[in-house]
Amino acid sequence: MTSAQHLLADEVSVGYGRQVVLDGVTLRIGRGETVGLRGPSGCGKSTLVRVLALLHRPDQGRVSIDGTAVDAVRYAVPVALRTRVAALFQSPRAAADSRLSLIDLIAEPLRATRTPESAVRERVAELADLVGLTADLRSRRPHAVSDGQLQRACLARALVHRPDYLLCDEATAMLDASTQAHVAAVIRDYQRTQRAGVLVITHDQTLLDRWSDRIVDLAATAGARA
Amino acid sequence: MTTTESVSASVPSRTVVTRPLLAVDGLGVEFRLRDARVRAVSELSLTVRAGELLAVVGESGCGKSVLAHALLGLLPGNATTTGHAVLHHPGADPVDLVTCGQRQLARRVRGRRVGLVPQSPATALNPVRTGRRLLAETLRAHGRDRADADQLAVDVGLDPADLDRYPHELSGGMAQRLVTALALAPDPSLLIADEPTTGLDRPLVDHTLDLLRRRCENGAAVVLITHDLAAARRVADTVAVMYASRIVEHRDTDQLFTAPAHPYASALLDALPDRAFRPVPGDPPMLTALPPGCAFAPRCPRRTDTCADRPLSTPLTGGGTVACHHPIPTGATT
């Protein structure tokens with residue numbers, strides 16, 4: 001199994017204080033597949049995303065990327081490993097530094113890994129085109145754009161390191177139908193060309209059926225606990 | 001939907017009905033910025049009857065939230081509002097919400113006659129008061145028993161025990177239900193709900209929508225401002241599609257969803273995941289630089305030279321209105 005190409009949460013348990021949120025949950029996202037994840041509010045979907053995105057250390061169990069176990073979280077994970085997983089969250093406002101222009105927002109992960117400025121500019125322009133941010137929007141800061149436009153910038157930021165795995169936690173819930181279809185189309189194109197593994201979390205059953213290759217119920221994964 | 005409307009069922013146009021609760025006529029809102037003017041609402045006219053649930057849908061930034069705030073006089077100081085929005089109230093003189101002034105709005109209109117469920121509950125709640133105190137305060141101000149608080153909480157799907165929490169102790173969904181309870185407490189005859197279901201999961205979305213629907217059965221009217229087309233389809237009597245500050249199509253819900261007449265409405269429906277799942281091509285225009293003609297023309301597959309002139313809102317044979325030079329023929333016309 002060590003050579004398998006997948007992002008794996010293996011028997012992961014997480015609690016906040018005495019409250020157990022995830023209890024021995026296993027979830028596998030293969031390269032090139034789109035996995036839909038559903039479950040009632042508060043069942044731990046977002047916590048599972050935080051664990052998979054290497055943002056939260058599980059109490060038990062571990063995360064592995066293509067068979068390589070990851071024993072650290074956040075910046076303690078080597079750059080080459082942590083940039084292979086990216087996440088897109090529900091609220092772009094909460095996920096964006098309000099002091100940065102959209103173009104700097106997208107460039108931030110590249111600058112954090114000391115990418116040469118010329119390469120940064122080229123990659124950012126390419127991604128801004130891909131997600132459909134028009135030239136007049138790029139120099140604006142988050143307060144001067146709509147949620148839909150800001151989420152497009154966040155999507156560009158998530159793709160900036162060409163991740164092999166993309167985790168979308170209710171990423172289109174607050175978007176209008178057209179922007180939702182656009183964001184989904186960009187992610188689906190990226191998934192095909194990069195053969196990326198994608199996790200989609202949404203309460204919208206119609207969207208889940210349309211978008212994902214297979215659907216996992218988190219309540220069922222976690223056993224009897226609702 | 002209510003008994004009062006049955007007599008007018010044969011009248012083809014919605015604008016000629018027995019009892020409009022709210023009649024908006026030529027409403028315009030413009031914001032002055034340092035170096036630009038933002039036209040957020042242009043020449044907007046519509047009527048809402050008692051017992052009607054009107055959904056206003058459109059892409060983000062089309063001006064639908066500004067419409068809600070204009071009706072309540074809650075716009076910032078750099079906004080200029082023109083036109084009329086007359087609110088009729090049984091047993092009281094009609095009030096023009098645009099011209100009557102802040103004093104009148106604060107004393108007689110807001111809360112009691114027009115309620116608002118605001119878009120972001122996090123910024124609408126007083127952070128140093130518990131939900132129960134906020135609710136008791138509202139109930140007392142409107143002459144109701146504070147003991148009604150528990151029942152109001154249950155109505156919106158909130159556990160009465162959670163009323164004793166402070167706003168920062170509530171999840172986004174719980175805060176959303178609390179602001180809904182606060183808006184419902186004075187029992188307003190017109191409720192404006194600005195994205196009341198964001199942050200709620202599906203069962204709670206359905207619960208909230210059913211709650212709004214029930215208000216209409218009791219004779220109140222609801223204006224539901226939403227980006228969620230599925231929600232609009234589920235509860236609305238009529239749907240107004242807004243694009244670049246204007247209403248481009250306003251029709252019965254079923255007619256709109258089965259045979260949209262405006263090319264934009266059609267393209268927006270095609271973006272739904274159970275339809276083509278295809279985004280509307282191109283980008284919406286900037287509200288600072290709206291074209292003189294049809295604002296959708298640059299993205300429209302049906303455009304011709306005529307579209308350089310602004311299309312007027314015209315009645316459709318099957319009822320409703322559309323503002324387009326080349327509407328898609330609907331089943332009703334052929």
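Q: Where does pLDDT stay under 50 in chain B?
A: Over residues 1–17 of chain B, and the model has 28 contacts beyond four places in sequence for that stretch. pLDDT is the predictor's confidence in each residue, from 0 to 100, and two residues are in contact if their C-beta atoms, placed from the backbone, lie within 7 Å.

Q: Ok, and what's the mean pLDDT of chain B?
A: The mean is 88, with 93% of the residues of chain B at 70 or more. This is a predicted model, so local features need pLDDT of at least 70, side-chain atom pairs count only at pLDDT 80 or more, and totals for chains, interfaces and linings use all residues. Residues are numbered from 1 along each chain as its sequence is written, while chains are lettered from A and ligands numbered from 1 in the order in which they are written.

Q: What does the predictor give the complex for ipTM and pTM?
A: An ipTM of 0.82 and a pTM of 0.84.

Q: How many residues does each chain put into the contact?
A: Chain B gives 19 residues and chain A gives 21. The side of chain B that touches chain A has 8 nonpolar, 5 polar and 6 charged residues. Here Ala, Val, Leu, Ile, Met, Phe, Trp, Tyr, Cys and Pro count as nonpolar, Asp, Glu, Lys and Arg as charged, and the others, Gly among them, as polar.

Q: Back to chain B: how many helices and strands?
A: 10 helices and 12 strands. Those are DSSP runs (H or I, at least four residues, for helices; E, at least two, for strands), numbered from the N terminus.

Q: And how much of chain B is buried?
A: 48% of its 334 residues. Buried means that 20 or more other C-beta atoms, placed from the backbone, lie within 10 Å of the residue's own.

Q: Switching to chain A, how is it divided?
A: Into domain 1 (1–84 + 166–226) and domain 2 (97–162), with bounds from an automatic or database domain assignment. The contact takes 13 residues from domain 1 of chain A and 13 residues from domain 2 of chain A. On the domain 1 side, helix H7 (residues 177–194) of chain A supplies the largest share, 6 residues.

Q: How do strands E1 and E2 of chain A pair?
A: Strand E1 (residues 6–16) and strand E2 (residues 19–30) of chain A are antiparallel, over 8 bridges; pairing takes at least two DSSP bridges. Tyr16(A) stands opposite Gln19(A) in E2(A).

Q: What about the turn, which residue takes a positive phi?
A: Gly17(A), near 65 degrees, in a hairpin with 2 residues between the strands.

Methods. Buried ≥ 20, exposed ≤ 12 C-beta atoms within 10 Å, placed from the backbone.
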